[in-house]
Amino acid sequence: MWLLSGRCRSRARLDGKTAVVTGANCGVGKETALDFVRRGARVIMACRDMKKAEDAAADIRLQTKGSEGAGMVEVVQLDLASLASVRKCAQHLLDTQTRIHILVNNAGVCFYPKAVTEDGFEMHMAVNHFGHFLLTCLLLPRIIRSGTARIVIVASSFHYVAKRIHFEDLHWEKRQYSAFKSFAESKLANVLISAELARRLKGTQVSTYSLHPGLVASEAARYMDTTWFRGAQWFHDKVLARFIKTPEQGAQTSIHCAVCEETAYDTGLYYRDCKISSCKSLVNDTVLLQKFWEESAHLVGLGDWNPFTAEDTGILPQEIITVRL
């Protein structure tokens, strides 16, 4: 257990608020969802594995049963490795949620063996960046209409490892694959997109945040035997896990960014242990940020549709629904 972990001290309530948390069936995501329910929020857990998600939701209901002012939790299916699933999830949320006040892009894969999704994306970039990017864009008109809102992106200090965005080889078709570097590049993408989101949302009541949750004892190690060395997962689970953050501790910075009154308008910044922290200087390159945003929008099939000016009709444009890359 990491004794120096930052902790969200805010007592802010979320009564009447709706929060969407991706990857909320375990670890940091589940702890984030649990905290929001305790604060009175309606929480939608967007997860790939529905059985695990339903079990997690049932556990959250059990833990908050009888708690005064507790909110509610429900589950929706979301496979971030599939753009079709992202579009289906977004449409479901637009059909069922009149307001979305908090979006926590928490789900992710870590040190995954080389794999390509049905859309032709390398797995780290697909799940950690492109899936969340599309989901965020599709929900943006509703989020903007909701008034004061926050978008929280769980990144990682591993983003420092990435030297740049390889526009010429985003999906590792030309380079020798490295699960370590691929993960790092996807986390750099998270930090850059949060900064660009903040710039494009200027003038609205929506704030964005990216963050490092810390080294957390979670399921992130399940691929390490394949991509690191045999026995790496055992070392993580039996040795390292005793000295790093618990999921509850790892969730604190996500919660802080989502609820703390003091962070309400500190948009586009990077956080660590519930405090503003430094991140890679590439976030100051506005030309890079704009280029990466436009390339991402093109690759996920947004075309000319602009989520910042689009009317919130509750119906996704037909060209977005039917696109197949």
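Me: A crossing is left-handed if the near helix is turned anticlockwise from the far one by less than a right angle, and right-handed if clockwise. In which hand does α4 pass α5?

Reply: This is a predicted model, in which local features need pLDDT of at least 70 and side-chain atom pairs count only at pLDDT 80 or more, while totals for chains, interfaces and linings use all residues. Residues are numbered from 1 along each chain as its sequence is written, and side-chain values use heavy atoms, with hydrogens and water left out. The two helices are α4 (residues 123–145) and α5 (residues 179–200). The crossing of α4 past α5 is right-handed.

Me: How many helices and strands are there in the protein chain?

Reply: Helices (H or I, at least four residues) and strands (E, at least two) are DSSP runs, numbered from the N terminus. By that rule the protein chain has eleven helices and eight strands.

Me: Which strands stand at the edges of the sheet?

Reply: Strands pair if DSSP finds at least two bridges between them. The sheet is open, its pairing is mixed, and its order is β3-β2-β1-β4-β5-β6-β7-β8. An edge strand has a single partner, so one of its sides is left without a neighbour in the sheet. The edge strands are β3 (72–77) and β8 (275–277).

Me: What is the average twist from one strand to the next in the eight-stranded sheet, β3-β2-β1-β4-β5-β6-β7-β8?

Reply: Axes are lines fitted to C-alpha atoms, for helices over the stretch in contact, and angles run from 0 to 180 degrees between N-to-C directions. From one strand to the next, the twist averages 25 degrees.

Me: Which residue of β3 is the bridge partner of Ala46?

Reply: Strand β2 (residues 42–47) pairs with β3 in the parallel sense, over six bridges. Helix α2 (residues 50–64) lies across both of these strands and runs at about 175 degrees to β3. The partner of Ala46 in β3 is Val76.

Me: Are α4 and α5 roughly parallel or roughly perpendicular to each other?

Reply: Angles under 35 degrees count as roughly parallel, over 145 as roughly antiparallel, 65 to 115 as roughly perpendicular and the rest as oblique. The angle between α4 and α5 is about 20 degrees, and their axes are 7 Å apart. The two helices are therefore roughly parallel.

Me: How do the residues of the contact of α4 with α5 divide by class, and what is the number of charged ones?

Reply: Contact means heavy atoms within 4.5 Å. Among the residues that meet are His124, Phe133 and Leu140 in α4, and Phe183, Glu185 and Lys187 in α5. Ala, Val, Leu, Ile, Met, Phe, Trp, Tyr, Cys and Pro count as nonpolar, Asp, Glu, Lys and Arg as charged, and the others, Gly among them, as polar. The contact of α4 with α5 has eight nonpolar and seven polar residues, and the number of charged ones is two.

Me: How many residues of α9 are buried?

Reply: Buried means under 20% relative accessible area, exposed over 50%, partly exposed in between (1.4 Å probe, protein chains only). The buried residues of α9 (residues 252–259) include Gln252, Ile255 and Val259. They pack against α1 (27–38), β4 (102–105), β5 (149–154), β6 (206–212), α8 (247–250) and β7. Helix α9 is largely enclosed by the rest of the structure, because the count of buried residues is eight of eight.

Me: Which residue of β5 is the bridge partner of Leu103?

Reply: Both faces of β4 are covered, with Ile102 and Val104 buried on one side and Leu103 and Asn105 buried on the other. Strand β4 pairs in the parallel sense with β1 (residues 18–22) over three bridges, and with β5 over four. The partner of Leu103 in β5 is Ile151.

Me: Is Cys274 buried or exposed?

Reply: Cys274 is found in the loop between β7 and β8, and its phi is near 65 degrees, a positive value in a residue other than glycine. Asp273 lies in that loop too; it has a positive phi of about 50 degrees and counts as partly exposed at 23% relative accessibility. With a relative accessible area of 10%, Cys274 is buried.
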